[in-house]
Amino acid sequence: MEVEANSEQRKMSQRAKGGLITMPFIIANEAFERVASYGLLPNMILYLIQDYHLGVAKGTNILFLWSAATNFLPVVGAFLSDSYLGRFLTIGLGSITSLLGMILLWLTAMIPKTKPPHCDLLTQSCKAPTAAQFILLYSSFALMSIGAGGVRPCSLAFGADQLDKRDNPKNERVLESFFSWYYASAALSVVIALTGIVYIQVHLGWRVGFGVPAILMFFAALLFFLASPFYIKQKASRSLLTGFVQVLVVAYKNRKLAFPPRNNDGWYHYSKDSKLVVPTDRLRFLNKACIIRSPERDINSDGLASNPWSLCTVDQVEELKALIKVIPMWSTGIMMSINTSNSSFPVLQANSMDRHVFSSFQIPAGSYAMFLVIVLFLWVALYDRVILPLASKVRGKRVRLGVKQRMGIGLFLSCLGMVVAAIVENVRRRKAIRQGLLNSPQTLVGMSAMWLVPQYCLYGLAEAFNAIGQTEFYYSEFPKSMSSIAAALFGLGMAVANLLASVLLSAVNHLTSRGGKESWVSNNINKGHYDNYYWLLAIMSAINLLYYLVCSYFYGPCVEQGTKVSDEGKSMEGENELSKLSNGARDEVESLKDDEKLSKFKDEVEGLKDEEELSKLRQSPS
């Protein structure tokens, strides 16, 4: 009675916390973190070239690795949050770590001895940074990546924790409103970062340009901790990643175990609240992870496995199968991410072109990426509210592009964007040579930087089709219990893309500079051949599009929204798999709900203690 009273008291305490009062603090934390971190990346290549005397290839590779860490560590952060730390502590530690990283970066701009002496890399032989100077720079990047890994995967879920009250009849509407405000603030943050922060860096210098993000990050951490007494703080629980590893380990341990008879579901361990009692035949070797070897030894009195590293549930096995199934489709998005991650080259191009919009105003070179964001969100708004309703009205029936169609269109647009980028750069380079600027890359070419806008628009449309389509694809194909994995897969793809982009750039730089030739990615943009590098990416994108068509064909039809796998117990093949069970087997499973039948089943399990009987059953043909 006392335990029940304490439990009820804890529930009442939880209900008193959370709510809309916590939303400004959570959204402000995420928004300030995004403004601060996204505002540092666009112009960073210029900082590395001008102040650290790094070549274009080396500087870009550093940024690729930084982006890879920033995109990969949220997966680690999500695992730590789910398994050990909880979301509140993960976000808090992430905010403090990001702040420390930005302070370190600001110190590199404030203290002259943290950088090599000033000189012009193109006309002089400049002194390279010392090991200590590199360590300080790399430490700032590492701390910011670790911080992002703590804040980004947890903010949305932590905000939902504050509002998700199932007994509230308006719960769904409140959550929908929160998600809308969250994504709107994220979009606005990126636009402010690409315009305001970049503009400050160009016109007020690196000291102020790096100081402002550090101040914003300080306010992000402060606001988050100020509302600490009002938060609902969920405890850490089982992580899906741990479950995946358990399935692999147990399946390997049981690799020599024979499969049980197909018409006997009593050999498989499944959760009490799951209707899926038999695993599917797809990737059948994994099914050995949920085979019960000895009911008395493997299962506790409460129905749970006595050792999760020796026996898994059918749901765990099917979740891993669902993840493995989408990996080929996931890999097709990596090439598009490689294209969009090459953000340094357009900045260098824009820096050599006429960026004036009016006689008294010019767009900073690092701000042209805002056109990608603007087109992305304009298309998302128009697609749902204007284009689809209009197309449906014209055709006289409901028009809807499937998820796989949208992903394919996105890959095509990404390839087209690289073709446009190659053509524009070819025109820019020829014009620079005609104007006698071959050895003067810092002199402006008589060509408007607005010619870069079409490629950014195509990148934005590609993101709108493929990136959003990818996310929707994962959510529709995975069980609800895997929603956190669905959110992490796209970021993981970006991380892999950044690493591959670094390898590709290094290979291109090495191969094209052999024999004393000028590298395609030369420090001198007019002597190099950035257009050839773009053509290479365009060809790889075209090959990737064909690869996508093959993967899409063999994947088969997608699970529709209304019949998708959920935590109510359907597998990825849902009714198709359940229909393989005979009607008698289904009746037997249902009849277990009856006390007498359950008692009989327990007697049968007790009878299986006899080793000879167990041996006979295991040797039965599968």
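Two rings of Phe, Tyr or Trp, the last taken by its six-membered ring, form an aromatic pair if their centres lie within 6.5 Å. By this rule the structure, a predicted model, holds 27 aromatic pairs.

A pair of aromatic rings is described by the distance of the centres and the angle of the planes. One of the pairs joins W66 and F141: the ring centres are 4.3 Å apart and the planes stand at 15 degrees, so this pair is stacked. W66 belongs to helix 4 (residues 56-85) and F141 to helix 6 (residues 131-151), and the pair thus links distant parts of the chain, 75 residues apart. Both W66 and F141 are buried.

Another pair, W379 with F465, is tilted, with 5.2 Å from centre to centre and 40 degrees between the planes. Because W379 lies in helix 14 (residues 370-395) and F465 in helix 16 (residues 453-477), the pair ties together parts that are 86 residues apart in sequence. W379 is partly exposed, with a relative accessible area of 22%. F465 is buried, with a relative accessible area of 8%.

Aromatic residues also group together: F88, F158, F224, F225 and Y231 form one aromatic cluster.

Charged side chains come into the picture at F259. The charged ends of R284 and K288 each sit over the ring of F259, as the table shows.

| Charged residue | Ring | Distance of charged end from ring centre |
|---|---|---|
| R284 | F259 | 3.9 Å |
| K288 | F259 | 5.0 Å |

Terms used
Residues numbered from 1 in each chain as written. Predicted model: local features only at pLDDT ≥ 70, side-chain atom pairs only at ≥ 80, totals over all residues. Heavy atoms only, no water. Phe/Tyr/Trp six-rings, centres within 6.5 Å; stacked < 30°, edge-to-face > 60°. Helix = DSSP H or I, 4+ residues; strand = E, 2+ residues; numbered from the N terminus. Buried < 20%, exposed > 50% of the residue type's maximum accessible area, 1.4 Å probe, protein only. Lys NZ or Arg CZ within 6 Å of the ring centre and 35° of its normal.
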